[in-house]
Amino acid sequence: MQQFLAAQPSSNGSTAVAAAPPPSPSPLRSRPPRREQQSQSQSIKEATMADEHQELTKAFSGMGGLGVEETALVSALGRWRKQPEKRSQFRRGFPGFFTPPAAAVGAGAIERCSDDYVRHLKTEFARFKNLMVLWAMHPWERDARWAHRALHKKHHPASVLVELACTRTADELLGARRAYHALYHRSLEEDVAYRVKDAAANRLLLGLVSAYRYEGPRVDEELAREEAAALSAGPGAKAQSELVVRVLATRSKPQLRATFRLYRELHSKLLEEEFGGEAPCLREAVRCLESPAKYFGEVIDGAFKEGADKQAKAALTRVVVSRSDADMEEIKEAYLKQHGAKLVDAVAKNTHGHYRDALLAMIGK
């Protein structure tokens, strides 16, 4: 190709001829071959899809914690719009939720949702909604509804009734009983008397929910020592059982703590150890009355344990909502002492999405 020279004046008046700059190399030579480009593009696309699948599976599963990542789910709605093949790949890659076509008897060549997993996911999606509804309720109504559920629904532990009766103030418990009247047209005491079948638990729970304890600071040390000695016989005989119920259901909380302290001094063990596994309601009552903050810390930790059942997980919402305005700071201190971790860190690690955010807001830093 012919090169053109440009004439330019030199410093001595003569004309100098300057060569034009060499042509730049063709941009086509610096590009990778088309096949390499396509391969790189395909690799990026596959990696992105894998990341999306992993993110969505984690968000959708509700596993490894309580609640779901709502933000990731909503984002997938937009990213995967008009891309049914992506959803198909997601279903095939999520066997815990979807049954593979070959095993989907009677369902045709589709990936069928697991019924058990659908029920599980409904629960996880509902956690945030339930928490907000409970948060908005009057505390008396909230406690009344929890008590009614414990008495009328299957698989709801009686320990919820013990918790409500032993950790609320006298006026809070009385308010819950009034709310129970208004909501269900009968008394809480009536339902406890007729629906709790175990005789020992019936006597204890009826005494606890009927109580209106003195809440002043006065403690009778002599009485505490006398009752600490009397409680050592345990709940075996009927008369002894009646004594245990009478003490736990009527004495003020400061008086009971003095009794528990003297019991440890006299017998070198905790009173709850006296009752063993045959009297779970008695054990729960002692734990709640002696140290509510420690008790609530253990309940929260139970929600995070592997294999925790539905009721253990639901307890996390119940404790955080009901204690947020009461003794949450004491619970945080007790949790740190018991488990060597901050409560906010444990909740952030074991929960997801808006449910996690709401819990952390209620717990506070």
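**Figure 1. Helix α6 in the lining of the largest cavity.** Helix α6 contributes the most to the lining of the largest cavity, with 3 residues. In this predicted model, α5, α6 and α7 (170-184) each provide at least two residues of that lining.

**Figure 2. The residues around the largest cavity.** The structure contains 1 cavity of 30 Å³ or more, and the largest cavity has a volume of about 60 Å³. Its lining consists of Asp143, Ala147, Leu161, Leu164, Ala165, Leu173, Ala176, Leu188 and Val209. Sorted by class, the lining of the largest cavity comprises 8 nonpolar residues, no polar residues and 1 charged residue.

**Figure 3. The centre of the largest pocket.** The volume of the largest pocket is about 890 Å³. Among the 32 residues lining the largest pocket, Lys310, Gln311, Ala314, Ala315 and Arg318 are the closest to its centre.

**Figure 4. The helices that line the largest pocket.** Two or more lining residues of the largest pocket come from each of α4 (115-136), α5 (139-152), α6 (159-167), α14 (280-290), α15 (292-304) and α16 (310-323). The largest share of this lining, 7 residues, belongs to α16.

Figure 5. For the largest cavity, the corresponding numbers are 8 nonpolar, no polar and 1 charged.

Technical notes: Residues are numbered from 1 along each chain as its sequence is written. This is a predicted model: local features need pLDDT of at least 70, side-chain atom pairs count only at pLDDT 80 or more; totals for chains, interfaces and linings use all residues. Side-chain values use heavy atoms; hydrogens and water are left out. On a 1 Å grid over the protein atoms alone, a cavity is a set of points where a 1.4 Å probe fits but cannot get out, and a pocket is an open set with protein on both sides within 12 Å along at least five of seven lines; lining residues have an atom within 4 Å of a point. Grid points are joined across faces, edges and corners, and a volume is the space filled by probe spheres set on the points. Helices (H or I, at least four residues) and strands (E, at least two) are DSSP runs, numbered from the N terminus. Ala, Val, Leu, Ile, Met, Phe, Trp, Tyr, Cys and Pro count as nonpolar, Asp, Glu, Lys and Arg as charged, and the others, Gly among them, as polar.
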